[in-house]
Amino acid sequence: MSVDLNLLVVDDEEAICEGCRRIFERQGFHVTKTSDAEQGLSLAGSNDYAAVLLDIKMPKMDGIQFFERLRATKPNVPVILMTGYPSVPNAVAAIRLGAAAYVTKPFTEEGLVATIESV
């Protein structure tokens, strides 16, 4: 399958992962999902994705730490940060790391699809 149709969703809430999977598979994407940040980082490092949808607030490793580590090995993969806790420091970190987008939860299906299409 073309890398253009592969997405990785990393969120500690399984409901968000599953929701994203359903939304994007209906759009023709192949979605890999994980609720474990370490596993997500391993997947992102060893596979090619059109984009990574990444939660900011996760246990063990937050999304910003994940993003920093991912940039060391995959500097060009688009990352869309998702958060239910928007803050100025997180937004600044997202911009500094080159996030493709910053999405606040709850999000709409239409909004999320439009974000991916713009990336």
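## Helix H1 and the five-strand sheet

Helix H1 (residues 14–26) lies across strands E1 (6–10), E2, E3 and E4, and runs at about 175° to E2. Contact here means heavy atoms within 4.5 Å. Axes are lines fitted to C-alpha atoms, for helices over the stretch in contact, and angles run from 0 to 180 degrees between N-to-C directions. Helices (H or I, at least four residues) and strands (E, at least two) are DSSP runs, numbered from the N terminus.

This is a predicted model: local features need pLDDT of at least 70, side-chain atom pairs count only at pLDDT 80 or more, and totals for chains, interfaces and linings use all residues. Residues are numbered from 1 along each chain as its sequence is written, and side-chain values use heavy atoms, without hydrogens or water.

The sheet is open, with five strands in the order E2-E1-E3-E4-E5 and parallel pairing. Strands E2 (30–34) and E5 (101–104) stand at the edges with a single partner strand each, so one side of each has no neighbour in the sheet. Neighbouring strands are turned by 20° against each other on average, direction ignored. Two strands pair if DSSP finds at least two bridges between them. Four bridges join E3 (residues 51–55) to E4 (residues 79–83). Asp55 stands opposite Met82 in E4.

One aromatic pair is counted (ring centres within 6.5 Å; planes under 30 degrees apart are stacked, over 60 edge-to-face, the rest tilted). The rings of Phe24 and Phe29 have centres 5.8 Å apart and planes at 90°, so the pair is edge-to-face. Buried means under 20% relative accessible area, exposed over 50%, partly exposed in between (1.4 Å probe, protein chains only).

| Residue | Relative accessible area | Class |
|---|---|---|
| Phe24 | 0% | buried |
| Phe29 | 15% | buried |

Note on methods:
Rings of Phe, Tyr and Trp (its six-membered ring) pair if their centres lie within 6.5 Å; planes under 30 degrees apart count as stacked, over 60 as edge-to-face and the rest as tilted.
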